[in-house]
Amino acid sequence: MIKNFESIKKIVNEADPINLLDSAPDNEYDHEIHEITLVIKEGDNTDVIADKIYKIFIESFDEQTAGDKKVYLSIAKKIAPQL
């Protein structure tokens with residue numbers, strides 16, 4: 001089960017959806033990752049997971065900074081099979 005923080009952190013940090021990790025510490029997304037672990041559920045499909053992750057990033061940053069939703073779909077595709 002992937003709902004552990006470190007597994008999701010690896011996926012999110014590899015995707016670096018806001019492109020911050022070149023100049024920020026690797027804990028930059030820890031708040032968002034914690035939120036993801038709380039909202040995703042076993043049985044959520046890829047689109048639902050992507051929507052939840054996207055909303056978390058919009059709340060933390062803003063819609064413009066959060067960027068293209070395709071990035072979050074890519075993250076969700078890596079998380080979904082492991083739920």
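Biologist: What is the relative accessible area of Asn-27?
Modeller: This is a predicted model, in which local features need pLDDT of at least 70, side-chain atom pairs count only at pLDDT 80 or more, and totals for chains, interfaces and linings use all residues. Residues are numbered from 1 along each chain as its sequence is written, and side-chain values use heavy atoms, with hydrogens and water left out. Buried means under 20% relative accessible area, exposed over 50%, and partly exposed in between (1.4 Å probe, protein chains only). Asn-27 is partly exposed, because its relative accessible area is 40%.

Biologist: Where is Asn-27 found?
Modeller: Helices are DSSP runs of H or I with at least four residues, strands are runs of E with at least two, and both are numbered from the N terminus. Asn-27 sits in the loop between α1 and α2 (30-39).

Biologist: How far apart in space are Asn-27 and Leu-83?
Modeller: In sequence, 56 residues separate Asn-27 from Leu-83. C-alpha to C-alpha, the two are apart by 23 Å.

Biologist: Is Lys-9 buried or exposed?
Modeller: Lys-9 has its place in helix α1. Its relative accessible area is 11%, so Lys-9 is buried.

Biologist: Which residues does Lys-9 touch, not counting residues up to four places away in sequence?
Modeller: Contact means heavy atoms within 4.5 Å. By that rule Lys-9 touches Asp-26, Asn-27, Asp-30 and Ile-33.

Biologist: How is α1 oriented to α5?
Modeller: Axes are lines fitted to C-alpha atoms, for helices over the stretch in contact, and angles run from 0 to 180 degrees between N-to-C directions. Under 35 degrees counts as roughly parallel, over 145 as roughly antiparallel, 65 to 115 as roughly perpendicular and the rest as oblique. The axes of α1 (residues 5-15) and α5 (residues 69-79) come within 10 Å and cross at roughly 150°. The pair is therefore roughly antiparallel.

Biologist: Which residues of α1 and α5 make the contact?
Modeller: By class, the contact has six nonpolar, no polar and one charged residues. From α5 come Ile-75, Lys-78 and Ile-79. From α1 come Ile-8, Ile-11, Val-12 and Ala-15.

Biologist: How are α3 and α5 placed to each other?
Modeller: Helix α3 (residues 46-60) packs on α5 with axes 8 Å apart. The angle is about 125°. The two helices are therefore oblique.

Terms used: Ala, Val, Leu, Ile, Met, Phe, Trp, Tyr, Cys and Pro count as nonpolar, Asp, Glu, Lys and Arg as charged, and the others, Gly among them, as polar.
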